[in-house]
Amino acid sequence: MDHGTTITQFISEEQHKAPGATGEFTALLNDIVTACKMISNQVNHGALVGALGTAGSENVQGETQKKLDVLSNEMFIQCNEWAGHLAAMASEEMDDVYQIPDQYPRGKYLITFDPLDGSSNIDVNVSVGTIFSILRCPGGVDRPTVRDFLQAGTQQVAAGYALYGPSTMMVLTTGKGVNGFTLDQNIGEFILTHPSMTIPADTSEFAINASNGRFWEAPVKRYVDECLAGKEGPRERDFNMRWIASMVAEVHRILTRGGVFMYPMDSKMAAKGQGGKLRLLYEANPMSYIVEQAGGGSITGRERIMDMQPQELHQRVPVILGSRNEVERIQGYHAED
């Protein structure tokens, strides 16, 4: 029986097309796939193995860590630290750069990751996921520091996410479009099920946390008000609104059927001295790479996210991404403001 193209086969075939390919990148992606399979298993059995609830610790963002956040972080590190593909790692759940232990060889890549995005949804059984971004380690660097991770999103070698929902999926880009793979539990392999994913340029669906409406900047308020006005308003059509509070689930919906996801800058964040809500290196850059490779757009409101020069390891930014024509409209509103 033909089970279809596995993710390992797909990645390997892509690498064979690259001049001078050594197989190291393929092996790194395989280690990431293994980590996501392990996290998926833990998420699926969370309550059964006592992994739900909080761990009694806080991450660098000051957020209470869920047990599964901590476990997922450990699993991701354990699967990727030993094989010699990485020079160092950076996680949303860790204050500092994670150095590869001395007993293991070091490789030429860096990875940033959010081991369990949307984890506030875990206890209510809503989809969560893992996000990752692969960068090249600058030449001649043996022990990477924070500075080596502060690369613009345009420098990414690959980005992807795993979605732990009714089925477990892996969505991946290496700069040649976006492909989706579904985990076949019977054989334990991700199978190519969504080749060449593209985001429709137009949409009638947007996602935003409307409870923050009173804090929004004028361009975002204008856009949402126009959508809510429906057929009778300036947009002359009805819009649907969604909000899952899990970025992986939000982006996956947009990749599947179009839409716009917004976590914009607002006065509440500005008062706290925050540059936005989502993390540039762990969430915004990898998701922007995926969305752009699928034909969509991704901006802060005023500029392309992937053009930004990161200043800090845990820097936060506003994010507006999705169907290109809507993103361009929102950027136009910001330019007029």
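1. In this predicted model, Phe 10 and Phe 181 are both buried. Which kind of aromatic pair do Phe 10 and Phe 181 form? The pair is edge-to-face, with 5.3 Å from centre to centre and 70 degrees between the planes.

2. Another pair is made by Trp 243 and Tyr 263, whose ring centres are 5.7 Å apart and whose planes stand at 65 degrees. Planes over 60 degrees apart count as edge-to-face, and therefore the pair of Trp 243 and Tyr 263 is edge-to-face.

3. Trp 243 is found in the loop between strand E12 (240-242) and helix H6 (247-257), while Tyr 263 is in strand E13 (residues 260-263), so this pair ties together parts that are 20 residues apart in sequence.

4. Are these two residues buried or partly exposed? Trp 243 is partly exposed, at a relative accessible area of 30%, whereas Tyr 263 is buried, at 17%, because buried means under 20%.

5. Trp 243 and Tyr 263 also belong, together with Phe 261, to one aromatic cluster. The count for the model comes to six aromatic pairs.

6. A charged residue deserves a separate look: Arg 222 lies over the face of Tyr 333, at 3.6 Å from the ring centre.

Definitions and conventions
Residues are numbered from 1 along each chain as its sequence is written. This is a predicted model: local features need pLDDT of at least 70, side-chain atom pairs count only at pLDDT 80 or more; totals for chains, interfaces and linings use all residues. Side-chain values use heavy atoms; hydrogens and water are left out. Rings of Phe, Tyr and Trp (its six-membered ring) pair if their centres lie within 6.5 Å; planes under 30 degrees apart count as stacked, over 60 as edge-to-face and the rest as tilted. Buried means under 20% relative accessible area, exposed over 50%, partly exposed in between (1.4 Å probe, protein chains only). Helices (H or I, at least four residues) and strands (E, at least two) are DSSP runs, numbered from the N terminus. A charge sits over a ring if NZ of Lys or CZ of Arg is within 6 Å of the ring centre and within 35 degrees of the ring normal.
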